[in-house]
Amino acid sequence: MRDTGQSFTGGDARALAPRARGRTLPLVARHLGYSIDGKVLLNIPDLAIHPGGPTVIMGPNGAGKSLLLRLFHGLIQPTQGEVRAGGQPLGPATRRRQAMVFQRPVLLRRSVAANVRFGLRRAGLPRAARRDRLDALLAEGDLSGKAGQLATTLSGGEQQRLAVMRALATAPDILFLDEPTSSLDPAATQAIEDLLRRASAQGTKIVLVTHDPGQVRRLAEDVVFLHRGQMAEQSPVDRFLSDARSAAARDFLSGDLLV
Ligand SMILES: Nc1ncnc2c1ncn2[C@@H]1O[C@H](COP(=O)(O)OP(=O)(O)OP(=O)(O)O)[C@@H](O)[C@H]1O
């Protein structure tokens, strides 16, 4: 599935208080299924995403990675089972604590600063605090010098940095990213990975879809491997890379064509 939008849901100012962070974890899928016209596209009996370092979701094309992210973020509803966030059913309150960045960012046709300001407003930050936070986010995204530039005239790498900063403006518990660097060069990829590492260190749970084993090595704490709509395994990254349990993951990592 190819996505072109960006979703990010803000909370109120109280929801940004540090003690409130992380309440929507773990994210748990129980008997989670998604079917269309009787065809089962995703079937995940049991999966938990815990607080901690980045979780990477891998698997061949069509494995169900985007569907899983969309179900986790409540963009589509399961046809079977449920997602629970911090023990609660996924709903408006828990979704407000999540943000999502897609492969190709769609930004407001307004300035770079206006895009981040939009995120800050959605987060419910008081006006006085917004200015400082805006400056900090622009600096962190290395976009201070482009604050007044029309966002849609940024390079692809700059647009994706802006999309990430706009999502992080809401201080989400969880940031989902669906192949955020697949059309970026190594330098732009590194810039995004640096932002994600920092966000992770500051307490945002990163859940990222990638096809790139190098990105798994650089970023992941644990890996969920999907194949044909099923979860083949969930493993700590070291074990996944050196001794994957599933034949599907081993074939994928060894470069064999998985069909
Ligand atoms: N709305 C839909 N109608 C019919 N089939 C769908 C729909 N959405 C997804 N699918 C199918 O579900 C399967 C999983 O799709 P999904 O986009 O989650 O795969 P993916 O693992 O993200 O793949 P890729 O790496 O190519 O992006 C695919 O076979 C896709 O064609």
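**Close-up views of a predicted model**

**View 1. Packing of helix 5 against helix 6.** Helix 5 (residues 156–168) and helix 6 (residues 186–201) pack with their axes 9 Å apart and at an angle of about 10°. Axes are lines fitted to C-alpha atoms, for helices over the stretch in contact, and angles run from 0 to 180 degrees between N-to-C directions. Helices (H or I, at least four residues) and strands (E, at least two) are DSSP runs, numbered from the N terminus. Gly157, Gln160, Arg161, Val164 and Leu168 of helix 5 meet Ala188, Ala191, Ile192, Leu195 and Ala199 of helix 6; residues are in contact if their C-beta atoms, placed from the backbone, lie within 7 Å. This contact of helix 5 with helix 6 comprises seven nonpolar, two polar and one charged residues. Ala, Val, Leu, Ile, Met, Phe, Trp, Tyr, Cys and Pro count as nonpolar, Asp, Glu, Lys and Arg as charged, and the others, Gly among them, as polar.

The model is predicted: local features need pLDDT of at least 70, side-chain atom pairs count only at pLDDT 80 or more, and totals for chains, interfaces and linings use all residues. Residues are numbered from 1 along each chain as its sequence is written.

**View 2. Packing of helix 3 against helix 5.** The axes of helix 3 (residues 112–122) and helix 5 come within 7 Å and cross at roughly 25°. Helix 3 and helix 5 are therefore roughly parallel to each other. Their crossing is right-handed, meaning that the near helix is turned clockwise from the far one by less than a right angle. On helix 3 the contact is made by Val112, Asn115, Val116, Phe118 and Gly119, and on helix 5 by Leu162, Met165 and Arg166. By class, five of these residues are nonpolar, two polar and one charged.

**View 3. Helix 1 and leucine 71.** Eight of the eight residues of helix 1 (residues 65–72) are buried, so this helix is largely enclosed by the rest of the structure. A residue is buried if 20 or more other C-beta atoms lie within 10 Å of its own, exposed if 12 or fewer, and partly exposed in between; C-beta atoms are placed from the backbone. Leucine 71 belongs to helix 1 and counts as buried, with 24 C-beta neighbours inside 10 Å. Apart from its neighbours within four places in sequence, leucine 71 is in contact with Leu32, Tyr34, Ile76, Pro78 and Val83. Glycine 74, which follows helix 1, has a positive phi near 75°.

View 4. Most residues other than glycine have a negative phi, and most peptide bonds are trans. Leucine 25 and proline 26 are joined by a cis peptide bond, with omega about -5°; proline 26 lies in the loop between strand 1 (7–8) and strand 2 (27–36). Aspartate 142 has a positive phi of about 55° and is located in the loop between helix 4 (127–140) and helix 5. Aspartate 142 is partly exposed, with 15 other C-beta atoms within 10 Å. Alanine 171, in the loop between helix 5 and strand 8 (174–178), has a positive phi near 45°. Alanine 171 is buried, with 25 other C-beta atoms within 10 Å.

Terms used
Angles under 35 degrees count as roughly parallel, over 145 as roughly antiparallel, 65 to 115 as roughly perpendicular and the rest as oblique. Two residues are in contact if their C-beta atoms, placed from the backbone, lie within 7 Å.
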